[in-house]
Amino acid sequence: CIGMTKVITDNMLMSASEALVGCITKDELEKGSIYPKLGDIRRISLEIACAVIETAAKDGHASDRAVLKLNQGPEALRTYIKSRMFVPAYNPFVFLPPGVGE
């Protein structure tokens, strides 16, 4: 967990829920969607993480590092979270010598 919290409070769950709802576009709402598109999962995860860390910090449950990034401003927190996100980059199973398949 990026925020390094030892507890998950009701306030943090509410913040996550509200952030999720905030990620639904007007177009998605007009189509009757109740969740944002899965294709936007990285953006959605970032928004939820920011909201939860902000709430955890207000409630005194966030790590010192997360609070430091939050105090540096919203972009610093976003950059910190992005740097800690999993990136699904996979190496090929077949070895191709340099110059082959490029």
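In general terms, a disulfide is a covalent bond between the sulfur atoms of two cysteines. Cys 23 takes part in no disulfide, and its nearest cysteine sulfur, that of Cys 50, is 10 Å away. Cys 50 is likewise in no disulfide, with the sulfur of Cys 23 at 10 Å. The model is predicted, so local features need pLDDT of at least 70 and side-chain atom pairs count only at pLDDT 80 or more, while totals for chains, interfaces and linings use all residues. Residues are numbered from 1 along each chain as its sequence is written, and side-chain values use heavy atoms, with hydrogens and water left out.

Are these two cysteines buried or exposed? Cys 23 has a relative accessible area of 4% and is therefore buried; the term buried means under 20% relative accessible area, exposed means over 50%, and partly exposed lies in between (1.4 Å probe, protein chains only). Cys 50, at 5% relative accessibility, also counts as buried.

Leaving out residues up to four places away in sequence, Cys 50 touches Leu 77, Arg 78 and Ile 81, contact meaning heavy atoms within 4.5 Å.

Helix H1 (residues 10-22) also holds Ser 15. This serine is buried, with a relative accessible area of 12%. Beyond its neighbours within four places in sequence, Ser 15 is in contact with Ala 51, Val 52 and Thr 55.

Finally, how do helices H4 and H5 pack? Helix H4 (residues 64-71) and helix H5 (residues 74-84) have axes 6 Å apart and an angle of about 135 degrees. Axes are lines fitted to C-alpha atoms, for helices over the stretch in contact, and angles run from 0 to 180 degrees between N-to-C directions. H4 and H5 are therefore oblique to each other, since angles under 35 degrees count as roughly parallel, over 145 as roughly antiparallel, 65 to 115 as roughly perpendicular and the rest as oblique. On the H4 side, Arg 65, Ala 66, Lys 69 and Leu 70 meet Ala 76, Leu 77 and Tyr 80 of H5.

Note on methods:
Helix = DSSP H or I, 4+ residues; strand = E, 2+ residues; numbered from the N terminus. Disulfide = S-S within 2.5 Å.
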